[in-house]
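Hi,

Here is the structure I promised to pass on.

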Amino acid sequence: MNLSPTKLSCVCVGAILALTTSTGFANPLPSADVDFPEINPPQIALGQLLFFDPILSGNKSVSCATCHHPRFNTADGLSLGIGDGGVGLGTERVIDAANLPEKRIPRNAPALFNLGAAEFVSFFHDGRLEVDKTRASGIRTPLGGEMESGFATLLSAQTMFPVLSADEMAGHFSENDVSKAVRQGVLTGPGGAWDILAKRIEDIPEYRARFDPIIGTDAPIHFTDISDVIAAFVDFEWRATNSPFDLHLRFDQPLEAMAEAGKQLFYGEAGCASCHSGLFQTDHDFHAIAMPQIGPGKAAGFERHQRDEGRMRVTGDPADAYAFRTPSLRNVAHTSPYGHSGAYGTLEGVVRHHLDPIASLNAYLESVAVLPVELGEGDFAVMRDPDEVAKIAVANALKPVDLKEKEVAEIVAFLNTLTDPQSLKGALGIPSSVPSGLPLDQ
């Protein structure tokens, strides 16, 4: 594969056509343009190794790929995963009896497609990491200060927050030097969690040699150098811009009849594109749609139930209660489960939720979640509490839509045209080994 540096943008051919064919739609078809960063081959190759290397977890047992694996289309196939304290991958992941996890990861592992595109200006389900031009660093992170400086891109900042999470990669109190630093609140600077991990990489000769042409032979490896190369890999590896829908936009290649009917509904009377707009079907905004809450959620530790109030935890504005980021729909047919907590295991299930969110919330069946491993009590505590469910319902801002069974099937058919088969495979794939010598999640 030729990785020569280039500015990669999708061909704009058909952009005018796309606007023309959108005549009469409530929401216009998107332009086929997309802006990706320049390709840097040494960064990408190094980032591939670090993405799959467990060396970046506190106990050296979990990598980025554990929850974002090619086998599961850049996620883990679970409603809510198990990071540190688990063994195996995806739906086969089980609890490690020798290192019991404290709880499930509180939110669904999102897919990684197209995240390097310039239009992605916030990350995480609540957008707590986002572009902020009023700050010197240009970004705002949950912890501020040194946590906002040194990253080449917003995606670089996003890729490295999991290493500070006890349940994801750091490990739990007293388990290792990283988890101890995290528990003590020492994250950056000498002796901090990031510094400990950077020194691990520095001490491996092959990694040091690979960083030399990127940062210079005399420059110490900083944690942001690690995050920068991982971001470069994620951006390059999973660009999904050659789906049937893309070809339809660029070259007026027709969709199959059922998918075309679904497209008409999606951009027309069904109103899907009111939020799922743009080339990657997201307005990058936050909406409350009465999505069921399962698992521990992200709530203050003193709260009786682990409710997850979404964007409000970032802004403090009650108007943002239970609002979550509109996900991109690229490869959506292959990235189940769906919702911030992975509440729905099938694409049809989550589509039907959008038709009447409150009715769907009230009729939610626990069996539709994908939680194959028992992990303590409380997976459905919120959904079994009428008061908690009522709060989610009150915040809902999505009006019901009346669609026939055939029309639901047509929308699902259209969503399948957003699949780019090559991107599911990835550009480079899984390395055969990594410089740390640690075993890989295959």
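The lining of the largest cavity divides into five nonpolar residues, two polar and one charged. For these classes, Ala, Val, Leu, Ile, Met, Phe, Trp, Tyr, Cys and Pro count as nonpolar, Asp, Glu, Lys and Arg as charged, and the others, Gly among them, as polar. The residues in question are A290, M291, Q293, D308, Y322, F324, H340 and I392. This cavity has a volume of about 50 Å³, and a search of the whole structure finds two cavities of 30 Å³ or more. The search runs on a 1 Å grid over the protein atoms alone: a cavity is a set of points where a 1.4 Å probe fits but cannot get out, a pocket is an open set with protein on both sides within 12 Å along at least five of seven lines, and lining residues have an atom within 4 Å of a point. Grid points are joined across faces, edges and corners, and a volume is the space filled by probe spheres set on the points.

Before you go further, note that this is a predicted model, where local features need pLDDT of at least 70 and side-chain atom pairs count only at pLDDT 80 or more, while totals for chains, interfaces and linings use all residues. Residues are numbered from 1 along each chain as its sequence is written, and side-chain values use heavy atoms, with hydrogens and water left out.

The largest share, three residues, comes from α5. (Helices are DSSP runs of H or I with at least four residues, strands are runs of E with at least two, and both are numbered from the N terminus.) By class, this pocket lining has 11 nonpolar, four polar and eight charged residues.

Next, the nonpolar core. The term means a set of buried Ala, Val, Leu, Ile, Met, Phe, Trp, Tyr and Cys residues joined through side-chain atoms within 4.5 Å. Buried means under 20% relative accessible area, exposed over 50%, and partly exposed in between, using a 1.4 Å probe and protein chains only. As background, nonpolar side chains tend to be buried together in soluble globular proteins. The largest core here has 109 residues, and L50, F51, L56, I226 and L415 touch the most other members. Helix α9 (residues 223–237) gives the most to this core, nine residues. What does F51 touch, not counting residues up to four places away in sequence? The list is S63, C64, A65, H68, L112, I230, F233, V234 and W238, where contact means heavy atoms within 4.5 Å.

There is also an open sheet of three strands, in the order β5-β6-β7 with antiparallel pairing. β5 (122–123) and β7 (139–140) stand at the edges with a single partner strand each, so one side of each has no neighbour in the sheet. Strand β6 (residues 129–131) pairs with β7 over two bridges, and V131 has I139 as its bridge partner in β7. To count as paired, two strands need at least two bridges found by DSSP.

On to helix α13 (residues 347–355), whose buried residues are L347, V350, V351, H353 and L355. Their cover includes α14 (357–362) and α16 (405–416). In the loop between β9 (324–325) and α13 you will find P337, and the peptide bond from S336 to P337 is cis, with omega near 0 degrees.

N73, in the loop between α3 (64–67) and β3 (86–87), has a positive phi near 55 degrees without being a glycine. H284, in the loop between α11 and β8, also isn't a glycine and has a positive phi of about 60 degrees. N73 counts as buried at 17% relative accessibility, and H284 is buried at 15%.

Last one: A288, in the loop between β8 and α12 (312–315). Is A288 buried or exposed? Its relative accessible area is 8%, so A288 is buried. Beyond its neighbours within four places in sequence, A288 is in contact with A321, Y322, A323, A395, N396, A397 and L398. A288 and R325 are 37 residues apart in sequence and 9.0 Å apart in space, C-alpha to C-alpha.

Cheers
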